[in-house]
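Subject: Structure handover

Hello,

Here is the structure for your files. My notes on it follow below.

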Amino acid sequence: LRLARRGTTHRPFYHIVAADVRARRDGRYLELIGRYDPLGNTELHVDEDKARKWIGQGAAQSPTVRRLLRRAGVV
């Protein structure tokens, strides 16, 4: 589980995705789990069922995604 950067220059937002370790950062992913907008009101939307499914299957989480999932109450 990791972040994929979207948006424009100086206005990023991120998708929380389940991706193969060999895929590029913003490349192909297996499933979209949520999104995170760090600018403005820092909104965070996570599909808890999908996140728990991937964690249950042993998906490794990046440190930032782990922190965001903890904030969302999934972990």
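The lining of the largest pocket comprises 8 nonpolar, 2 polar and 2 charged residues. Please keep in mind that this is a predicted model. The space in the largest pocket comes to about 200 Å³. Its lining is made up of L1, R2, A18, A19, D20, V21, L30, W54, A59, A60, Q61 and S62.

Next, the nonpolar core. The largest one has 13 residues, and those touching the most other members are L1, I16, I33, V46, A51, V65 and L69. At least two residues of this core come from each of β2, β3 (31–37), α1 (48–56) and α2 (63–72). The largest share, 3 residues, is supplied by α2. As background, nonpolar side chains in soluble globular proteins tend to be buried together.

With its neighbours within four places in sequence left aside, V65 is in contact with L1, R2, L3 and I16.

One backbone item remains. H10 sits in the loop that runs between β1 (2–8) and β2 (11–18). H10 is not a glycine, yet its phi is positive, at about 70°. Is H10 buried or exposed? H10 counts as exposed because its relative accessibility is 70%, and the cut-off for exposed is over 50%.

Regards

Note on methods
Residues numbered from 1 in each chain as written. Predicted model: local features only at pLDDT ≥ 70, side-chain atom pairs only at ≥ 80, totals over all residues. Heavy atoms only, no water. Helix = DSSP H or I, 4+ residues; strand = E, 2+ residues; numbered from the N terminus. Buried < 20%, exposed > 50% of the residue type's maximum accessible area, 1.4 Å probe, protein only. 1 Å grid on protein atoms, 1.4 Å probe; cavity = no way out; pocket = protein on both sides within 12 Å on 5 of 7 lines; lining within 4 Å. Points joined across faces, edges and corners; volume = space filled by probe spheres on them. Nonpolar A, V, L, I, M, F, W, Y, C, P; charged D, E, K, R; others polar. Core = buried A, V, L, I, M, F, W, Y, C linked by side-chain atoms within 4.5 Å. Contact = heavy atoms within 4.5 Å.
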